[in-house]
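Subject: Structure handover

Hello,

Here is the structure I said I would pass on. My notes follow below it.

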Amino acid sequence: MESRWGLSLPLPGVSLAEQKEHVVRAEALGYTDLWSGETAGPDGFTPLALASAYTDRMRLGTGIVGVFQRGPALLAQEAAALASASEGRFVLGIGASSDRIVEGWNGIPFEKPLAKVRETLDFLQVALAGERTETRFKLENPPAEPVPIVLAALRGKMLRLAVERADGAFTNFLPLGALPRIVEQLDGAPDHFDLLCRFFCIPGERDQVEPLARTMFSSYITVPVYEKFYRWLGYGEQIDPMVEAWNEGDRRAAAEAAPWELIEEMFIFRTPEQLKERLGAFVEGGITTPVLMPVVPPERLGEAIEALAP
């Protein structure tokens, strides 16, 4: 597989209108991919729709959009629209999202996520091929070329589903030491299979980055799906004090209890050269598309994108 180097959208601290200059710059610097997250900021499709008009070569992917919050027909429509707008450069990344987002924020029951992803994948593969689904839905303008589908996958069963049925898997918040555990689940994957991971890149030494890193780690790894992920990876005892403090409502204590050894394993710190060396270790370990999220003030965003360029 060709070497890929991605940038995560939306970029932090700037409006969607202001992202154009950074996206254009990233393509000129050799970034090959743009992948959009979807939490409490913009939706996963809009930043890519804009970027499709700004770029000529970059692959554009949702990384990821949730299958609970949208019906499968709407997902197919959105994917077909972006495939058309980008002239075939679009990749649809879908996943269950998290219980906090689906149930907590949207009031939708977060039930049987593996089955929900599988059912949605079944629908999309039929619909995006231009065929009529079991629900009698058929796209008026199906994509001219196949749309690759990537699954958000943290643990064994979802990773196996990605290997068996999709074109790639998107993982997140992954410690370097746990990468072999993920890679071993991909046995038998086709040669074109893509293993993506988003990396939060925070330039600076420990004393500069520690407060932010602790807050981010404790906020995310206490989300039930990520807590289960870390326990599956074997880090249960290390995160127990943090999870206990979070569940008791003490956010400060949870951040203080966040295990620094895991924070260092997951986040990408220090100088640009050291950041890229660390990312290289993940690539050597099996990540085929690193997706970089520079965590810097808005006025330093352009500098960070340039420093992290391939």
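Helices (H or I, at least four residues) and strands (E, at least two) are DSSP runs, numbered from the N terminus. This is a predicted model, in which local features need pLDDT of at least 70, side-chain atom pairs count only at pLDDT 80 or more, and totals for chains, interfaces and linings use all residues. Residues are numbered from 1 along each chain as its sequence is written, and side-chain values use heavy atoms, with hydrogens and water left out.

Ser98

Ser98 lies in the loop that runs between strand 5 and helix 4 (99–105). With a relative accessible area of 7%, Ser98 is buried (buried means under 20% relative accessible area, exposed over 50%, partly exposed in between, with a 1.4 Å probe and protein chains only). Apart from neighbours within four places in sequence, Ser98 is in contact with Glu103, Phe110, Val223 and Val225; contact means heavy atoms within 4.5 Å.

Arg89

The loop between helix 3 (72–85) and strand 5 (90–95) holds Arg89. Arg89 is buried too, at a relative accessible area of 13%. Setting aside neighbours within four places in sequence, its contacts are Ser52, Thr55, Asp56, Arg57, Met58, Arg59 and Leu60. With one of these, Thr55, there is a polar contact between side chains at 2.8 Å. A polar contact is a pair of N or O atoms within 3.5 Å; within protein, one must be able to donate a hydrogen and the other to accept it, and residues adjacent in sequence count only if both atoms are side-chain atoms. The Arg89 side chain also reaches the backbone oxygen of Ser86, at 3.0 Å. Arg89 and Glu145 are 56 residues apart along the chain, and their C-alpha atoms are separated by 9.5 Å.

Strand pairing

Two strands pair if DSSP finds at least two bridges between them. Strand 5 runs parallel to strand 6 (residues 149–152), joined by 3 bridges, and Gly93 has Val150 in strand 6 as its bridge partner. Strand 6 is in turn joined to strand 7 by 3 bridges, again parallel, with Leu151 opposite Ala169 in strand 7. Strand 7 (residues 168–172) then pairs with strand 8 in the parallel sense over 5 bridges, and here Phe170 stands opposite Leu196.

Strand 8 (residues 194–203) is largely enclosed by the rest of the structure, because 9 of its 10 residues are buried.

Helices 9 and 10

The axes of helix 9 (residues 224–233) and helix 10 (residues 236–247) come within 8 Å and cross at roughly 150°. Axes are lines fitted to C-alpha atoms, for helices over the stretch in contact, and angles run from 0 to 180 degrees between N-to-C directions. Helix 9 and helix 10 are therefore roughly antiparallel; the cut-off for that is over 145 degrees, while under 35 counts as roughly parallel, 65 to 115 as roughly perpendicular and the rest as oblique. Glu227, Tyr230 and Arg231 in helix 9 meet Gly236, Ile239, Asp240 and Val243 in helix 10.

Regards
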